[in-house]
Amino acid sequence: TWTMAAFRSQAIAEIRQKVGSSRVICGLSGGVDSSVAAVLLHEAIGDQLTCIFVDHGLLRLGEAEQVVSMFRDHYNIPLVHAEVQDTFLDALEGETDPEKKRKTIGRLFIETFEAEAEKLGGADFLAQGTLYPDVIESVSFTGGPSVTIKSHHNVGGLPERMNMKLVEPLRELFKDEVRELGRELGLPDQFVGRHPFPGPGLAIRCPGAVTREKLDILRQADAIFIDEIRKAGLYDAIWQAFAVLLPVQTVGVMGDGRTYEFVLALRAVTSVDGMTADFYAFDMEFLGNAATRIINEVKGVNRVVYDVTSKPPGTIEWE
Ligand code: XMP
């Protein structure tokens, strides 16, 4: 019978055979897929692997620190932490069009990655945590025949541009299998079970123009929402949960003063593969508590709403 332990040793043998003594570069996003790919590769080829983590300043609270400490300190995997937050945030300044935001982020991601790879003296192979659904989606994404609803940026086109060969050790696996492989490789349970997170990060959870101030508000609110979900024991029953900071301010009252601050939307869905999704039916008490905590603890938000749209017709992300 097919087991993850068997997959692991077979994948390691295949990587070794394919790569030989060449150097390999792996883009680390902080997500489960690229992390599992990196750990598997490291087990196969050790220090022939270098990871590049492009820190675009659009990650969640504490996420970048977590990635760096886990890979560099815990796994001892050679890691370049490209701190290019300002490059990304400056380039995004004033941009409100969702597709242009994605394109800008995708372009800068590739440029940064190339520059860092060059500093390392290049490599023959580029490793990616591509999954089986990514392989299918790149043929026809959500919109069906030749309609692009959202352009995905998962380093598409990078290997051709950089003239590198690809190693994609996860390309036959589904998400739940990648998680199982991650556990098999000793990655912490909490890390492996994390919800998917989009490449363009918090930029697409900040409809309208992205600013440092808004990202800060969003990070804090998002962390509280997730904390409440974990405390209620609901995290694993949900496919994705996150906060969206709306570009709308509303009037509120606090103490004996009037406030005029942002509206925050909460989103949580169940799904099998992200292609379709149902909004998660929290009980009202849970939502009320989460909203109260967010408004009390996060400066800049005075109203919280819950998104009850399923996919279709809504998409999971708001942009
Ligand atoms: P939507 O919003 O299209 O999202 O229903 C479906 C799944 O894809 C993720 N997503 C992205 N992932 N780059 C990514 O790597 C992107 O540009 C992107 N846009 C959406 C989303 O989080 C959900 O899991």
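Is D216 buried, partly exposed or exposed?

1. D216 is partly exposed, because 15 other C-beta atoms lie within 10 Å; buried takes 20 or more such atoms, exposed 12 or fewer, and partly exposed falls in between, with C-beta atoms placed from the backbone. D216 sits in helix α10 (residues 212–231); helices are DSSP runs of H or I of at least four residues, strands are E runs of at least two, and both are numbered from the N terminus.

2. A word on the source: this is a predicted model, where local features need pLDDT of at least 70, side-chain atom pairs count only at pLDDT 80 or more, and totals for chains, interfaces and linings use all residues. Residues are numbered from 1 along each chain as its sequence is written.

3. Just after α5, G121 has a positive phi of about 85°.

4. Strands β6 (residues 240–254) and β7 (residues 257–270) run antiparallel and are joined by 12 bridges; pairing requires at least two DSSP bridges. They form a hairpin with two residues between them, and G255 in the turn has a positive phi of about 60°. T250 stands opposite E261 in β7.
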